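User: Hi! I am new to reading protein structures, and I would like to learn it step by step. Could you show me how to read a few features?

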Amino acid sequence: MKETSIRCLQLAIYFGMVFMAAVQLAACSGSSGDSRSSLFVSRLELNGFIVTEGSADPINPLDMVNTYVMDSAAGNNAGQPYKKLKIPVLPSVRTELGIFQLRPYEAIVYLGPTPPMGDYFSFTPFLWARHVGQVIPKGDWMFAALGDPLNHTRIKTEGGGSPFQKNTMVIFTADRAVYERIKAQAIAAEYPESMINAYVFPSALLNMGVNLGSSDDDSFIILVRSANISDPKQEIAYMADNYYARIFRVTPYPTPQTLDPFSTPVPRVRKWQREVDLYPGLQAGLERLRNAILAQTPNLQSREFQSIRWWPDSRDVLQADSGSSIYHKFVAGEASDTPYRRTSQGGVEANFVLGADDMVIAYGVNHAATGLAIYSNFSVYSERVLNPCTSGNILNYIYGCGDPLWNGVVGMKNKEFAGSAVKYLGADDPTAPYLYAVKVMRNAPADANDKFFVVVPAPDASGPASGIEKGDPVILGYRAYVNPSTGFGPDYDDIIPDRAIWFKVR
């Protein structure tokens with residue numbers, strides 16, 4: 001009883017369970033001022049649905065580790081914002097949580113503007129934790145995408161043109177009939193069908209239901225990811241506005257006698273063209289860059305790192321049986337809008353220590369410059385395990401045990417590291433515009449003209465996820481978001497893998 005109370009208190013503190021009155025909702029920004037949204041809700045309620053309003057607020061994976069909610073920051077993309085949809089825990093109940101359960105005939109509706117102008121946004125629901133067939137007594141934290149993200153290249157919005165900051169409706173549900181009924185009421189409320197999106201919960205792969213306290217039902221989370229929002233003021237306002245859009249839990253009443261589940265969507269085919277074929281001299285240029293980095297970096301010792309795939313596909317994890325090596329595997333929010341790679345040696349996962357006398361140079365292909373991604377970046381993570389899966393530690397965190405910290409505390413994106421390879425290759429090298437080289441250090445370099453570096457902080461008083469201890473194992477994680485020619489994440493085999501060199505400099 002004591003452990004259960006502590007866990008409930010932790011959830012309440014972090015997710016801020018709030019009881020909201022209708023008068024407060026009327027004052028909200030975003031689409032709540034649109035008279036169509038009130039008409040839409042009224043029509044749903046008059047046509048056999050219970051509609052309960054939620055909200056959306058920022059989620060900081062580092063804070064979630066520091067407040068003992070989850071034992072890993074799940075390879076967060078350093079410096080990029082996340083919001084979670086806070087879903088009413090039950091129909092007609094105003095208590096909202098970012099983690100929720102859903103019946104196979106219910107729906108979640110996002111109605112309102114998409115995120116502000118930037119490089120990218122997406123809506124993705126994830127299987128958060130599973131209890132059926134659990135490996136860990138408190139449940140298995142999986143964080144696996146339910147399907148391909150609904151990103152800015154795929155989403156339908158009102159008015160055409162740029163998809164950013166445009167009205168949209170996304171209906172998340174497993175049931176085709178429920179989707180059609182909700183869409184019909186949206187059209188009757190004068191929302192054009194051209195802005196209405198279906199996001200299918202693949203019920204055949206899930207354990208859907210709402211039995212609070214039961215060990216039978218999967219729990220979910222829906223994240224809105226965005227990247228490189230152009231106007232800092234707009235980003236601040238967007239992240240601070242929990243009512244930027246309207247969020248509804250929509251429940252048919254009475255309960256449908258039969259279900260009409262959607263078929264499980266087929267995953268995207270991400271294969272397109274390989275960077276080595278698009279730019280035949282690029283691989284040779286990368287070798288010249290490697291040699292120049294080694295020649296121009298005074299050091300006492302060096303170690304070279306390649307990069308390999310970080311996690312398996314979420315879909316494969318959702319479908320894995322108990323005999324598989326990826327059964328109930330924690331995949332840290334993996335989704336198909338980017339390949340995820342991490343440091344390795346000889347085809348095996350590897351890490352390094354970044355002390356005061358150490359430096360790493362991350363280098364490779366600028367995948368945005370080659371046109372294979374809308375944006376690319378790297379982040380720096382600790383691979384320390386905070387919460388081993390032992391009887392004394394397993395309840396320290398509500399979700400997870402034995403997971404690496406994987407806290408992205410600093411990184412650099414392609415717009416910032418563009419041109420960084422010129423220092424090593426010279427401006428005349430034809431591949432220099434397509435390559436990058438960035439120092440990863442504990443302190444800023446002595447050369448004030450050197451702008452291609454990141455400084456890795458030690459943890460501060462807020463908790464262990466806020467930085468990386470000098471004795472911690474460290475890795476680099478690499479991303480390349482959305483091939484603009486396909487609207488999908490680049491295939492792992494299409495990109496030239498990023499690399500790194502560790503140096504003992506003194």
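Analyst: Gladly! Let's begin with a term: contact means heavy atoms within 4.5 Å. Please keep in mind that this is a predicted model, in which local features need pLDDT of at least 70 and side-chain atom pairs count only at pLDDT 80 or more, while totals for chains, interfaces and linings use all residues. Residues are numbered from 1 along each chain as its sequence is written, and side-chain values use heavy atoms, with hydrogens and water left out.

User: Which residues is L435 in contact with, leaving aside its neighbours within four places in sequence?

Analyst: The list includes L282, G285, L286, L289, G364 and V365. Take G364: L435 is 71 residues from G364 in sequence, yet their C-alpha atoms are 5.6 Å apart in space. L435 belongs to strand 20. Helices (H or I, at least four residues) and strands (E, at least two) are DSSP runs, numbered from the N terminus.

User: Is L435 buried or exposed?

Analyst: Buried means under 20% relative accessible area, exposed means over 50%, and partly exposed is in between (1.4 Å probe, protein chains only). L435 has 0% relative accessibility, so it counts as buried.

User: How do strands come together in a sheet?

Analyst: Strands of a sheet pair through backbone hydrogen bonds, either parallel or antiparallel. Here, two strands pair if DSSP finds at least two bridges between them.

User: Which strand does strand 5 pair with in the antiparallel sense?

Analyst: Strand 5 (residues 107-113) pairs that way with strand 12 (residues 246-252), over 5 bridges. As a place to look, Y110 stands opposite I247 in strand 12.

User: What can you tell me about strand 23?

Analyst: Strand 23 (residues 499-504) has 5 of its 6 residues buried, so it is largely enclosed by the rest of the structure.

User: What about charged side chains?

Analyst: Side chains of opposite charge can pair when their charged atoms come close. A salt bridge is a side-chain nitrogen of Lys or Arg within 4 Å of a carboxyl oxygen of Asp or Glu.

User: How many salt bridges does the structure hold?

Analyst: There are 25 salt bridges. In one of them, D57 pairs with K86, with the closest N and O atoms 3.5 Å apart. D57 lies in strand 2 (residues 55-58) and K86 in strand 3 (residues 82-88), so the pair ties together parts that are 29 residues apart in sequence. Both D57 and K86 are buried. Another salt bridge joins R290 and E304, at 2.8 Å from N to O. R290 is in helix 8 (residues 282-296) and E304 is in strand 13 (residues 301-309), so this pair links parts that are 14 residues apart in sequence. R290 counts as partly exposed, at 21% relative accessibility, and E304 is partly exposed too, with 27%.

User: Where does R341 lie, and what is its nearest side chain of opposite charge?

Analyst: R341 lies in strand 14 (residues 340-345). For charge, Lys and Arg count as positive and Asp and Glu as negative, while His and the chain ends are not counted. R341 is buried yet has no salt bridge, and its nearest side chain of opposite charge is D498, 5.7 Å away. A polar atom of the R341 side chain does lie 2.7 Å from the backbone oxygen of S307.

Terms used
A polar contact is a pair of N or O atoms within 3.5 Å; within protein, one must be able to donate a hydrogen and the other to accept it, and residues adjacent in sequence count only if both atoms are side-chain atoms.
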